[in-house]
Amino acid sequence: MAVSTTKSIQKEIPFWYRCFFLYIEPLSTVIGAYYACFQQQKYLDLTHGLSAPLTGIPTSTSIVLDQLANLYFLFALNEGLVLRSTSDQRVWRTMLFCLLLADIGHLYSVRALGLQVYWNVAQWNAIDWGNIGFVYGGAATRICFLLGIGLSPRPVARRRRAKA
């Protein structure tokens, strides 16, 4: 069963989309989860060094970062496993639309850093490249998929006429 699903996905979903949504993005998200959970001081320093605690992370902040890591991990599992399980473009479109909404929320979450954070790439650090640059790329790839760019046209389902 898994072999036919894999071959079906390869036939129905173009290589770039499979590569990005099944491997690149889930792996990148797991890396973000690792930093949020196990490298909390570095994560906070890179997010906004001026407001990060100098020594020791408050318990409440640590809990929130662990919860964030858990959500990143859930995001990676949902995307990587659900999309890997089907070639049904309706499922892919639904999942990618939801993730596009999450992209918008993720970008909105950094608004306190000022509007320049969205465009001034010369000032970006490693976490900004993940929080903004990578999210731009993911959102653009999702939009392309949702617009059908590079996808084979879906056959139109014929409706049966009801017998009178």
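Me: In which helix do Y34 and F38 both lie, and how many residues apart are they?

Reply: The model is a predicted one. Y34 and F38 are separated by about one turn of the helix. Both belong to residues 15–38, which form helix α2, and they are four residues apart.

Me: Is F38 buried or exposed?

Reply: Y34 has 39% relative accessibility and therefore counts as partly exposed. The cut-off for exposed is over 50%. F38 stands at 59% relative accessibility, so F38 is exposed.

Me: How many residues apart in sequence are the parts that W92 and F145 tie together?

Reply: The ring centres of W92 and F145 lie 5.7 Å apart with the planes at 25°, so the pair is stacked. W92 belongs to helix α5 (residues 89–108), whereas F145 belongs to helix α6 (residues 126–146). The pair therefore ties together parts whose separation in sequence is 53 residues.

Me: What is the relative accessible area of F145?

Reply: W92 is buried, at a relative accessible area of 0%. W92 and F145 are both in a cluster linked by ring pairs, together with W16, Y17, F20, F21 and F134. F145 is likewise buried, and its relative accessible area is 0%.

Key: Residues numbered from 1 in each chain as written. Predicted model: local features only at pLDDT ≥ 70, side-chain atom pairs only at ≥ 80, totals over all residues. Heavy atoms only, no water. Helix = DSSP H or I, 4+ residues; strand = E, 2+ residues; numbered from the N terminus. Buried < 20%, exposed > 50% of the residue type's maximum accessible area, 1.4 Å probe, protein only. Phe/Tyr/Trp six-rings, centres within 6.5 Å; stacked < 30°, edge-to-face > 60°.
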